[in-house]
Amino acid sequence: MTRRDLTHFRLIKTVLHRRGPQFALTALALGGFVLAIVSGLAGTPVGSRNFGIVAVWIAWWAVLMLVAVPLFGRGWCSICPIPAPGDWLQRGALLQPATRGLGLGRRWPRATRNMWLQNAAFAVLALFSVVILTQPIVTAVVLLALLFLAVGASLIFERRAFCRYLCPVGGFVGLYSQLAPVELRVKDRAVCAADRQKSCYTGNAAGCGCPWLVYPGALEKNTYCGLCLECLRTCPHDNIAVNWRSVGADLLQPRGRRLDEAFKALIMLGSAIVYAAVMLGPWGTLKSAAYNIGSGTWLIYALGFLAFVFVVLPGAFLFTVHAGRKLARSAVPLRRAFVHFAYALIPLGLAAWVAFTLSFVFANLSYVWPVLSDPMGWGWDLVGTAGDSWTPYLTQVVPALQTGVLLGGLLWSGVTVRRIALEGRSQHPVFPLTLPVMAFCLVITLGLLGLLVG
Amino acid sequence: MNPERTARVLVFALALALPLGVLLTRWAGIPRQGGEWIEIHGRMSDDGGWTPDEITVDVGEVLHLRLTSDDVVHGFAIGQSNFEAVDVMPGEVTQATVTLEQPGRYVFYCTRWCGVNHWRMRGTIDVRGETSEPDTAMSPLYQSLGIDLEAPHPADVAPPDDPPSSHRGANLGVPIPDRFLTAAYYRAHSPGETWHSLRAEAAAHQLTDEEVWDLVALVWASNATPSAIEEGGRLYASNCAACHGERGAGDGVMARALANGAAARLEDRDPSPANFTDAVQMLGATPALLQGKIIRGGMGTGMPNWGPILTDAETWALVAYLWRFQFGPANTGPDTAR
């Protein structure tokens, strides 16, 4: 499929160019974000009746994982409220591209200009996730911590350092955004090369330099483009396109594959497996261990979780890659093969998270209606839906959807494994090289099917 | 308006004014004790029980309650009052109104089995008035009879096989002296004692031991009306069955948790719920003793004290129901028998 520049449509171009619509959505999201914090701190501690839990972990998560990430990649990042206050302080303005703001503007330390901190941040949150997802006050504290962290990062470091290097959500959203059918790219690289101002990176009167520290002229993957659209506004040559493209196009881009991103793919896949086992599996002991934070059993659970996502699963994958190299008598260095083939796990990882999300979103979506009417659980009935009872939706359809999604993810990963093996016109035979990795994907898929569908 | 200023107003409205408004609404409308509404939060007793757990009102004052649960489903009832129990759902607010016309200390309690320490989930309402002594301050019968609730009370006789039957006893055609048929006699004597007394009656000389037990059942039936049994059954199902078991065998769903309870271990007591199907123990107990245990509770065990909650009539109805586990479900007299 060829790329189609959506900015050719006048209406789309106008909406994307103007700051108003994007700002309005961000402000709306910020209002919801603050309300989630307030309800977590002052509302009912019953998660299913608290706006914070229902809005964040059911409504927002559903929109993020079922719509935003698969279709728009980092679309959510473009209106995310968490970095907004820090961003506004840094710029000294909310809407205008002003330049006199607060902040030291330091550069982010070179050693951590990668995804490892995001990997660690996600793992830390994952260790406490059972409590975060169910207790409003814990959710509120986590949201507040993210807000303070984002504002602090904006006041100390240049641009959106929090989004780029710290945000635990941004890491996996960036990873999976490579699959999205939407991308922001330059129309003609020659135009960028000839331009000396590089306004897209340095900023001008029309907008800020790329807050994500990305030079659009060199952009080849969605991973670190936050779709903030500043470059669309600052480019004096109208050389920025927002393309509709083939899904997963970035996976076939061999340049820029890195170990931290490879581990991100494995961590996300491993986390989906653990989440499915803890939250949907039949093991009450495991569930209790995950919930009883600080206890000895939780410590064992935490160590087990970290060992699984950082050692066991990557180790098993390393072994399969190694086996493939041996079978195919390939001379490709093991580390290189590990990193490249790990990108084939990205479709399966997203499928795992979509399937996991399906398992609880439709079952719990009806909690949204009472919470809209009584967000704090104080006995209000603002829109007359406070008394609506819990009703699971699509219970008959969800298992089939999950199966389809997982099998689709397996197929997509299988195709990607083969294409990665074919990169560079290597002389080694493709089938034996890819067989163990495909078997790895198959085993993971069967495990997830067992946990999620039964 | 300047777009930047509009943006600031929008952010102020959504991110600051909205949540602040929510909190102010709460603050302005929050019911406080002494005000129009009192909000009571329920949590499992290990997490705090009722908050607040002490309320003070004047006699005859209308008490407006907003009840909500912070964890699981609870129920709310006020002992020794005509307040009808309501369910308290997690995160939902149930409003209730009650007026307590008699001064004294009332106990409100949870009516849903919310955990092993469910029975600890209690609070008090002090109703101020001219009289400070509530009805429950009256001395219970077991005390005036000098019954030691802790003393063993095994029966030295027991029916051979089948449970005694009041119907069979009535069909014997043997007259029972009136002194056996009074409520005072029934409450102060155990079935075992009554069996010995009836056995000694001249009219019973020709009867077998089993037939004398049928006469005992008849005596007990004369003190158990169908309406009392029905009320006792309702009270048993909602308050006792979780520990003592639906069939009275001491094997309710909470029995195992009670056996492992820390309180029971500390007191060095057998925390197992009483087995009402145990003939030796039951036939040696007087109704006054059973009522005493209900009123006072089992010290050091999981048995709550129901004295502040159940009325005198309710405790006797409950006692009457307990004898079903020895004399069978049909062991009642007519509603006018008492």
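A polar contact is a pair of N or O atoms within 3.5 Å; within protein, one must be able to donate a hydrogen and the other to accept it, and residues adjacent in sequence count only if both atoms are side-chain atoms. By that rule, eight residue pairs (both at pLDDT 80 or more) are in polar contact between domain 1 of chain A and domain 2 of chain A. The model is predicted: local features need pLDDT of at least 70, side-chain atom pairs count only at pLDDT 80 or more, and totals for chains, interfaces and linings use all residues. Residues are numbered from 1 along each chain as its sequence is written, chains are lettered from A in the order in which they are written, and side-chain values use heavy atoms, with hydrogens and water left out.

**Domains of chain A**

- Chain A is assigned domain 1 (1-256) and domain 2 (274-452), with bounds that come from an automatic or database domain assignment.
- The centres of domain 1 and domain 2 of chain A, taken over C-alpha atoms, are 23 Å apart.
- Contact (heavy atoms within 4.5 Å) involves 42 residues from domain 1 of chain A and 41 residues from domain 2 of chain A.
- Between them, domain 1 and domain 2 of chain A bury about 3700 Å², 78% of it on carbon and sulfur atoms; buried area is the accessible area (1.4 Å probe) that two parts lose on being put together, summed over both.
- On the domain 1 side, the residues of chain A that lose the most area to domain 2 are Arg49(A), Leu127(A) and Leu251(A), together 18% of what that side buries.
- Helix 2 (19-42), helix 3 (51-72), helix 5 (116-127), helix 6 (129-134) and helix 9 (168-176) of chain A each supply at least two residues of the domain 1 side; helices (H or I, at least four residues) and strands (E, at least two) are DSSP runs, numbered from the N terminus.
- Helix 3 of chain A gives the largest share of that side, eleven residues.
- By class, the side of domain 1 of chain A that touches domain 2 of chain A holds 28 nonpolar, twelve polar and two charged residues; Ala, Val, Leu, Ile, Met, Phe, Trp, Tyr, Cys and Pro count as nonpolar, Asp, Glu, Lys and Arg as charged, and the others, Gly among them, as polar.

**Interface of chain B and chain A**

- Contact is made by 23 residues of chain B and 26 residues of chain A.
- The area buried between chain B and chain A is about 1900 Å², and carbon and sulfur atoms give 73% of it.
- Glu4(B), Leu14(B) and Val22(B) supply 24% of the area that chain B buries against chain A, more than any other three residues.
- One salt bridge is found across the interface of chain B and chain A: Arg49(A) pairs with Glu92(B), with the closest N and O atoms 3.4 Å apart.
- Five residue pairs (both at pLDDT 80 or more) are in polar contact between chain B and chain A.
- Helix 1 (3-29) and strand 4 (62-69) of chain B are the elements that give two or more residues to the side touching chain A.
- Helix 1 of chain B gives the most to that side, with 13 residues.
- The side of chain B that touches chain A has eleven nonpolar, four polar and eight charged residues.

**Sheet in chain A**

- Three strands of chain A form an open, antiparallel sheet in the order 1-5-2; two strands pair if DSSP finds at least two bridges between them.
- Strand 1 (4-5) and strand 2 (182-186) of chain A are the edge strands, each pairing on one side only.
- Strand 1 of chain A is joined to strand 5 (residues 240-244) of chain A by two bridges in the antiparallel sense.
- Asp5(A) is opposite Asn243(A) in strand 5 of chain A.

**Salt bridges and local features**

- Over all chains, the structure holds 31 salt bridges.
- One of them joins Asp87(A) and Arg160(A), with the closest N and O atoms 3.3 Å apart.
- This pair links distant parts of the chain, 73 residues apart: Asp87(A) is in helix 4 (residues 84-91) of chain A, and Arg160(A) is in the loop between helix 7 (136-156) and helix 8 (161-166) of chain A.
- Glu201(B) lies in the loop between helix 5 (191-200) and helix 6 (209-221) of chain B, and the side chains of Glu201(B) and Arg179(B) are joined by a polar contact of 2.5 Å.
- The peptide bond from Thr51(B) to Pro52(B) is cis, with omega near 0°, and Pro52(B) is in the loop between strand 2 (50-51) and strand 3 (54-58) of chain B.
- Lys198(A), although not a glycine, has a positive phi of about 50°.

Terms used: Salt bridge = Lys/Arg side-chain N within 4 Å of Asp/Glu carboxyl O.
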